Amino acid sequence: MSFSVMLEQLAQGMCKSMLIFGLTLLFSMPLGLLVCFGRMSKNRLVSGIFGFFISVLRGTPLMLQLMVVYFFPYYLFGISIGNWRFPAIIVGFSINYAAYFAEIYRSGIEAIPKGQYEAAQILDYSKSQTFFKIVFPQVIKIILPAVTNEIITLVKDTSLAFSLAYMEMFTIAKQIAARDTTFVPYIVAALFYYIFNLLVAFVMRQFEKKLSYYN
Amino acid sequence: MKLFKKLALGALAVGMMATVFTGCGKKDSKTFTVGFDAEYPPYGYMDENGDYTGFDLELAEEVCKLKGWTLVKQPIAWDNKDNELNSGSIDCIWNGFTINGREDDYEWSVPYVDNSQVIVVKADSGITSLSDLAGKTVGVQAASAALDVLTDEEGQKALGDSFGKLQEFGDYNTAFAELMAGSVDAIAMDIGVAMYQIEGRGDEFVILAEHLNAEQYGIGFKKGNTELKDEVESALRELKKNGKFDELAEKYGLSDMVCFE
Amino acid sequence: MYYLEMNDVKKSFGDLEVLKGISLTVSEGEVVSIIGPSGSGKSTLLRIATLLETMDVGNLAYMGQYAVTMEDRHSVYAKTSQLKEIKKNFGLVFQSFNLFPHKSVLHNIIDAPIFVQKRKKAEVIEEAKELLRQMGLEDKADYYPCQLSGGQQQRIAIARALALKPKVLFFDEPTSALDPELTGEVLKVIKGLAEQKMTMVIVTHEMSFAKNISDRVIFMDKGVVAASGTPEEVFNSDNARMQEFLGKLKND
């Protein structure tokens, strides 16, 4: 295979990797907030259930979770959905990352001083106003470095979609490597991941700069 | 708040852009979904244009032409092949798929290729027979027929046990890299695959004259799915009759191995 | 009608009885200072009056509306909707300011009137600028709290509380977190409010300030009101605890 065809193939795979990346962020960040609320619930049963959910998702390999999501409708209920590879990957990634984001949010929310809540209460802010106008904007600043870490990890984790043979960049790199009996596609893929992550780190640094207007 | 909105918008934009990129979603007539390991030349692999091809996939294409079906080439992770087949995300496994040892696990088509499991070693390794492998480290693909042979009582378990270590690996690239580096002394694999690999890598490697065993390739359908099996099989016979089958075998250098009358 | 009225308020944290039956009334335009040693319960009383803390026994009313009533020897709180109405009557200035660090000075002041009281933005901004002038901080509208000194921050916090136009304004040790050289500017602002006949309840350690500014002083000790009256009456009383407290302060 010529080098240009290989680049084209890997670039196509990169698009799919970015698709997994984008959709996972889109779904897992809000979902993580819900999970975080569940985890921080005053109801001990609710917080226990969400705590268990988080510990399972953080404590088992993502690759395994992807397989479970994809194959379980069949093995558990005998339902044959057919080829829903891509949705299954997005579901698997989203719930896994939601668990991590939930804990990051929690750490941020717990770092907000009690006085902020009391000031909001005295000023008659409602509970949701207090959260979205006072607490959450401050939480974002606190958790940004941790979120950046998580996002960079996600870029690399998209390669785990190979376990469901989704044609993202790493899967394609493996196939080209098999065809041409060489390691070159892996090196190119590594370069692609690295450049994408440089971009991610740059964007996140801009966010951090934007939020540096207060201490 | 503004920042939160921007974050969400950014994620949305990335998502939508990417959706445009993929823009797939064809669903018409009857589809025939073949599951294959895209890292298994010459039976199924990526060609120089990035399309999936190979002896088995071209055969499947011809079958679909005859039947008026739409072929879907679905690469799978080989370790997951049974899950893929059982859950219905593929219709069959057609990819240099060894029957021997798996007779009762699938609804098998007639065997169409005679295949042997062989040992590949470095040309200068000094290993010339199976007995030379005693105490050596031998690589074998996980969940492969070669592994089955080396661990099956009725196969070559005795030989397998004589090895110093049986090292499982995921793909052949890794295996050959390890062979080059000397961390494995030999690799067990299908002869068709071995010939392809050696052609690509030059004469540093040789196939031992002594084979592990002889076995046959078939198309594996889900247990009980005789209807689809019969349809594909009859189409295959027609391809044999009109010469297409032999033409393809010739193209992929497999003529000597065909066992289908 | 009293602006604030609370009767026989009792509060325990576990086995520790912090308030042992406190009654307090505040009339329109009155400035009441609450003094007393640490642990006397004055801050708890303030937190109960501002509904940050609940009481076990007693009642509480603003402008004759009951937020807490006594039923069968226990306090019963009004419905949330009623409490929401009643809360409009008071504001609180915290010891540690509790400004919102991510918002500019102007937004710290105008956000609650706009989002909570749903008032017109232009009008609120005008009032906020007037408040900042009053605080001597008219040039700081676009600053962030972290760029200001403690004294400036506390004055912003006072402006923030005033922007909601409370009937009663509480101060919880407003100068305790400040360097000594910065307390003056905050006390001056509070004095100005007193001159404008703002109804205020101030928990403070600044004795001379309390003496100067207050219509009434309440000396709390060990969960009870040990002495109360005009500043002269309280500071000159022969209450032993009061004398001991004042003596300690002098020695410090």
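Predicted model: local features only at pLDDT ≥ 70, side-chain atom pairs only at ≥ 80, totals over all residues.
**Chains A, B and C: an interface and a sheet**

Across the interface of chain A and chain B, 13 residue pairs are in polar contact, both partners having pLDDT 80 or more.

Which helices supply at least two residues each to the side of chain A that touches chain B? They are α1 (3-39), α3 (62-77), α6 (127-157), α7 (169-180) and α8 (184-210) of chain A. The largest share comes from α1(A), with ten residues. Sorted by class, this side of chain A has 31 nonpolar, nine polar and five charged residues.

Next, the extent of the contact. Chain A brings 45 residues to it, and chain B brings 45 residues. The area buried between the two chains is about 3700 Å², and carbon and sulfur atoms give 63% of that area. In chain A, the residues that lose the most area to chain B are Q175(A), R179(A) and T181(A); together they account for 16% of what that side buries.

Charged pairs are also found here. How many salt bridges are counted between chain A and chain B? The count is four. One salt bridge joins K174(A) to D171(B), with the closest N and O atoms 3.9 Å apart.

How does this interface stand within the whole assembly? Two pairs of chains are in contact, and of these, chains A and B share the most contacts. Chain B and chain C, by contrast, do not touch, and their nearest C-alpha atoms are 10 Å apart.

I turn now to chain C. In chain C, six strands form an open sheet with mixed pairing, and their order is β7-β8-β9-β3-β10-β11. Which strands lie at the edges? They are β7 (90-93) and β11 (224-229) of chain C, each of which pairs on one side only. On average, neighbouring strands of this sheet are turned by 15° against each other, direction ignored.

Within the sheet, strand β3 (residues 31-35) and strand β9 (residues 199-203) of chain C run parallel and are joined by four bridges. Here V31(C) stands opposite M200(C) in β9(C). Helix α6 (residues 180-195) of chain C packs on the sheet, where it touches β3, β8 (168-172) and β9 of chain C. The direction of this helix makes about 145° with that of β9(C).

Methods. Residues numbered from 1 in each chain as written. Chains lettered and ligands numbered in written order. Heavy atoms only, no water. Contact = heavy atoms within 4.5 Å. Buried area = accessible area lost by both parts, 1.4 Å probe. Salt bridge = Lys/Arg side-chain N within 4 Å of Asp/Glu carboxyl O. Polar contact = N/O pair within 3.5 Å; in protein donor to acceptor, adjacent residues only side chain to side chain. Nonpolar A, V, L, I, M, F, W, Y, C, P; charged D, E, K, R; others polar. Pairing = 2+ DSSP bridges. Axes fitted to C-alpha atoms, helices over the stretch in contact; angles between N-to-C directions.
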